[in-house]
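Trainee: Hi! Could you walk me through this one while I have it open on my screen?
Mentor: Happy to, let's bring it up.

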Amino acid sequence: MTKLRVAVIGCGSIAKHRHLGEYDSHSAVEIVAVCDIVEERAQETALQYGAKAYTDYKKLLEVEQIDAVSVCLPNYLHAPVSIAALEAGCHVLCEKPMATSKEEAEAMIQVAKSNDKKLMIAHNQRFVPSHAKARALVASGEIGKIYSFRTAFGHGGPEGWSVDGKDSWFFNKEQAFIGAMGDLGVHKADLLRYLLGEEFVEVAGFIETSAKENTDVDDNAVCILKSASGIIGTLAASWAYTSREDNSTIIYGEHATLRLEDDPNYSLIVQYKNGEVVNYELGAIQSNAEGGQTTTHVIDHFIESIVHNTEPLINGEEGMKSLEVILAALESMKTKQFSKI
């Protein structure tokens with residue numbers, strides 16, 4: 001089989017820790033080109049993967065015959081670069097959040113459809129084994145009616161792993177648009193939609209800048225979410241968890257409580273109402289630390305959707321719905337009122 005010709009646009013940490021490594025290990029992929037505005041970074045990455053280096057993504061798309069592109073850029077560039085790649089005839093895997101507005105997201109979706117190309121958003125939490133198992137338990141009815149939830153995603157901040165450290169674009173509002181809520185909170189919004197199997201309709205957000213200096217993007221956020229059926233719970237996103245990362249979720253149901261990534265030994269613990277406890281060892285959730293994310297299944301799923309012409313699990317519409325939760329939280333903080341989706 002002819003290998004898919006892939007380009008990675010943006011050679012920062014997420015490309016290094018996830019996209020490039022997973023493409024490189026995929027038998028159906030050839031990394032043809034990489035692009036970064038920092039020429040030295042682009043050249044080093046190209047040398048490592050036997051690819052051609054570019055500093056201008058438009059030239060890359062014009063010169064190279066590319067089948068698929070990963071967009072691993074600052075948030076404000078996600079939409080324009082994805083749209084350019086789709087119009088150039090490429091399938092696109094875009095990092096989260098997919099855009100900085102609903103209008104941008106809708107434009108990405110429309111361009112993907114009109115060019116008959118795949119658009120996938122890189123929400124890796126759906127592929128975590130404990131999350132997939134929890135979704136199956138909820139969907140089967142074994143947990144019964146879901147009453148509530150709480151989820152958190154927090155660590156010490158991008159300066160700990162971003163290629164530019166404390167000078168990272170993550171702290172520049174013009175480039176990032178949003179801080180911890182866009183970096184981490186949108187992941188959990190997507191995960192909760194996936195686990196519960198329904199949409200959120202109301203959001204109340206407390207989104208603050210309290211932990212980091214020299215930035216005007218949020219670094220601490222707590223949101224209250226209400227689903228279409230009336231399930232209520234909290235979502236926390238933070239760059240101020242300095243001791244250790246928290247990437248946990250707890251689902252409170254009629255017949256059982258699900259504890260996901262909340263224990264160092266068991267990635268899923270099911271505590272039944274009758275006192276029975278089932279512990280699942282499904283492998284720990286991966287992070288950018290400790291060698292990076294090498295088997296997230298994001299790249300595998302993206303390539304499979306292209307090869308077999310199937311719809312990605314997290315397509316543009318799914319990415320937009322998760323983005324809308326975050327946008328609603330921002331609106332709630334601005335208006336000091338509940339925000340409807």
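Trainee: Let me start with Asn309: buried or exposed?
Mentor: Asn309 counts as exposed, at 58% relative accessibility. Buried means under 20% relative accessible area, exposed over 50%, and partly exposed in between, with a 1.4 Å probe and protein chains only. Before we go on, this is a predicted model, where local features need pLDDT of at least 70, side-chain atom pairs count only at pLDDT 80 or more, and totals for chains, interfaces and linings use all residues. Residues are numbered from 1 along each chain as its sequence is written, and side-chain values use heavy atoms, leaving out hydrogens and water.

Trainee: Got it. Where is Asn309 found?
Mentor: Asn309 is in the loop between helix 9 (298-307) and helix 10 (316-335). Helices (H or I, at least four residues) and strands (E, at least two) are DSSP runs, numbered from the N terminus. The phi of Asn309 is positive, near 50°, and this residue is not a glycine. Most residues other than glycine have a negative phi, and most peptide bonds are trans.

Trainee: And what about the phi of Lys336?
Mentor: Lys336 has a positive phi too, about 60°, although it is not a glycine. Lys336 sits in the loop between helix 10 and strand 15 (339-340), and it counts as exposed at 61% relative accessibility.

Trainee: Which residues are joined by a cis peptide bond?
Mentor: Lys96 and Pro97 are, with omega about -15°. Pro97 is in the loop between strand 5 (91-94) and helix 5 (102-114).

Trainee: Switching to rings: how many aromatic pairs does the structure hold?
Mentor: Five. Rings of Phe, Tyr and Trp (its six-membered ring) pair if their centres lie within 6.5 Å; planes under 30 degrees apart count as stacked, over 60 as edge-to-face and the rest as tilted. One of the pairs is Trp169 with Phe170, stacked at 4.0 Å centre to centre with 20° between the planes. Trp169 is buried, with a relative accessible area of 18%, and Phe170 is buried at 11%.

Trainee: What kind of pair do Phe171 and Trp239 form?
Mentor: An edge-to-face one, 5.4 Å centre to centre and 75° between the planes. The pair links distant parts of the chain, 68 residues apart: Phe171 is in the loop between strand 7 (146-154) and helix 7 (173-176), and Trp239 in the loop between strand 10 (232-238) and strand 11 (249-253). Phe171 and Trp239 are both buried. Ring pairs link Trp161, Trp169, Phe170, Phe171 and Trp239 into a cluster.

Trainee: Nice. Now helix 8, where is its kink centred?
Mentor: On Val186, with a kink of about 30°; the bend at a residue is the angle between axes fitted to the seven residues ending there and the seven starting there. Helix 8 is largely enclosed by the rest of the structure, because 17 of its 17 residues are buried. Gly197 follows helix 8, with a positive phi near 70°.

Trainee: Last one: which residues of helix 6 are buried?
Mentor: Ser130, His131, Ala134, Leu137 and Val138 are buried in helix 6. They cover an arc of only 120° around the axis, so they lie on the same side of helix 6; the arc is that of the directions from the helix axis to the C-beta atoms. Ala139 and Ser140, on the other side of helix 6, are exposed.
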